[in-house]
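Q: I have a protein model open and would like to learn how to read its features one at a time. Could you walk me through some of them?

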Amino acid sequence: MVAPLSDTPLSPLRTIAVIGLGTMGTGITEVLAKAGREVIGIDISEAQAARSLAALEASTARAVQRGRLTEQERTAVLARVRVSTDLRTASDADLVIEVAPESYEIKQQIFRELDGLVRPETILATGTNALSVTRLAADSARPERVLGLHFFNPAPAMKLVEVVSSVLTAPTAVTAVTNLALDLGKEPVAVGDRPGFVADGLLFGYLNQAAAMYEARYASREDIDAAMRLGCGLPMGPLALLDLIGVDTARTVLEAMYAESHDRLHAPAPILKQLSEAGLTGRKSGRGFYTYDAPDSATVVPDALTPLSGAGGAPGRTVSSVGVAGSGTMASGIAEVFAKAGYDVVLAARSEEKAQTAKARIGKSLSRSVDKGRLTAEAAAQILDRITPAGSYDAFADVDLALEAVAEDLEIKQQLFATLDKVCKPGAVLATTTSSLPVVACARATSRPQDVIGMHFFNPAPAMKLVEVVRTVLTAEDVHATVREVCGRIKKHAVDCGDRAGFIVNALLFPYLNNAIKMVQEHYASLDDIDAAMRLGGGYPMGPFELLDVVGLDVSLAIEKVLHREFRDPGLAPAPLLEHLVAAGCLGRKTGRGFREYARR
């Protein structure tokens, strides 16, 4: 009988076997060897084992060239690694990490063989991100010594490691592996056993929705990816990331997630199955959502779906003057953007005083740019001179484009559009900056719905490059062309989308945020661990709870409700925890308390 792990002294995990020497296994081997561990790399393929060793030699050679390793250190790293095709070479390991293909049969076979080979105190770790650690542990003769150790790709660069416990895992095994991760210079996050864990559990639902959005032809692959990179600051768009991960891998992870959650948001989009079964699995095959110049290449090449540059269309209308309605941060930011691009801008609010205050805010923004050397004082003065404040929307009589940035309230916006309909000249383009309300409802408040379009800027407007251009079923082609041309002139990246809740960015972002709240609500992981997981494992500039507190919990709840009402998917229902915090007046940074507490200014 094997002694309980808690009664068995733990070794310091000096000798580690890595089973499966693909990209991930090779990366983990490099991390371990650089940290002074003796590593036994094992793969059933002798050719793959040789490729892994060659990749390690090449990687460490690059590190020497870049000054990150000395030649002596490189020699020592390589001396600590040996590769084999014989599983028996793992018999002396203190820890075994398997990163074999995502198959219960394969992984269970490896664990069964290891049970008869390794010492009683050896810890067995699985690198799975889709399969049940508990199920793998239960099939082992030493379930208390089995846990998950989920590295992220590329392992040498990514800081996050998820340490996954099952109900059978002994705490001392978790401690030993967590200490190892810290010694490797990683940031370990403790999580329970459920498909996707934290980072992939949130990430793959988002990726799945992006695939479904593309499959529905709501937006092009290029526009979906650009929207999430520019609107959320993500390192890659979701469809490009699916190609990098592997479309087939994503489908496997989602199938496992759906089997547990039965949440439609996790049911793999049909296009993932179609691409997988056609062998179009992403970069590794040379084609997935995009086409690449060769298998395993990152270079995208044009294909039949690539948009034609400078494609012709309806000629746009002439725009030389712009009216911006509103006096808040977004209105003043948009007015600044247009004035910087050389447009004459009328900034109108409900009173002259509010309009003057908004112009003063722009003046302060321009002064900061002068202080930072981005503008000369003369250029800043010229920009400010192009902005005319007004206390009445009658001042929009001669503008070519009237754009509203007032409160996100449909009744207020409809009243404003009815006013714009009366004061603006025939042929003027009327635009709304709404992020969640139906553009067509604003259009129907006018006698010229063909002239109405959505231009969703992101905050802060002077800094954020993205504008979602939202056409309704009534928007005229030349109005769409006009707004696309204007976006180019103000140096913004325009993406096209239809008039449905959330457009591209919010429709993909807020379900992800909502799912993060559900994780905390279910006591699966802490705020800090989830934020760290998404920053370190997903490359997000902010964790979901940091972002929610910045956006405002009331704003977030309103958008969640709009999405739920539009799509009627139970998975989009706002998390009760979010509703409770809003009801308690905990709205985020602006109130000093949201998911976290903040010092009052």
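**Reading strands, cores and a cavity**

A: Happy to, and let us begin with a strand. In this predicted model, strand 14 (residues 401–404) sends L401 and L403 one way and A402 and E404 the other way, and all are buried.

Q: Why do the side chains of a strand point in two directions?
A: Side chains in a regular strand alternate between the two faces of the sheet. Here L401 and L403 share one direction, while A402 and E404 take the other.

Q: What kind of unit do strand 14, helix 15 and strand 15 make?
A: They form a β-α-β unit that is right-handed, with helix 15 spanning residues 410–423.

Q: Now the interior. What should I expect of nonpolar side chains?
A: In soluble globular proteins, they tend to be buried together. In this model the largest nonpolar core has 106 residues, and Y206, F289, F396, I504, I530 and F545 have the most contacts inside it. Helix 18 (residues 505–521) gives the largest share of this core, 11 residues. Another core, of 36 residues, lies apart from it and includes A380, I383, V469 and I490.

Q: Which residues is Y206 in contact with, leaving aside its neighbours within four places in sequence?
A: They are M228, L234, P238, L508, Y512 and Y540.

Q: Is N515 buried or exposed?
A: N515 counts as buried because its relative accessibility is 12%, and buried means under 20%. N515 is found in helix 18. Neighbours within four places in sequence aside, N515 is in contact with L202 and L265.

Q: How many cavities of 30 Å³ or more are there, and what lines the largest cavity?
A: The count comes to 1 cavity of 30 Å³ or more, and the largest cavity has a volume of about 30 Å³. Its lining consists of L21, T29, G41, S52, L53, L56, V81 and V83. Helix 2 (46–65) and strand 3 (81–84) are the elements that give two or more residues to that lining, and helix 2 provides the largest share, 3 residues.

Conventions: Residues are numbered from 1 along each chain as its sequence is written. This is a predicted model: local features need pLDDT of at least 70, side-chain atom pairs count only at pLDDT 80 or more; totals for chains, interfaces and linings use all residues. Side-chain values use heavy atoms; hydrogens and water are left out. Buried means under 20% relative accessible area, exposed over 50%, partly exposed in between (1.4 Å probe, protein chains only). Helices (H or I, at least four residues) and strands (E, at least two) are DSSP runs, numbered from the N terminus. A crossover is right-handed if, with the strands pointing away from the viewer, the path from the first strand over the helix to the second runs clockwise. A nonpolar core is a set of buried Ala, Val, Leu, Ile, Met, Phe, Trp, Tyr and Cys residues joined through side-chain atoms within 4.5 Å. Contact means heavy atoms within 4.5 Å. On a 1 Å grid over the protein atoms alone, a cavity is a set of points where a 1.4 Å probe fits but cannot get out, and a pocket is an open set with protein on both sides within 12 Å along at least five of seven lines; lining residues have an atom within 4 Å of a point. Grid points are joined across faces, edges and corners, and a volume is the space filled by probe spheres set on the points.
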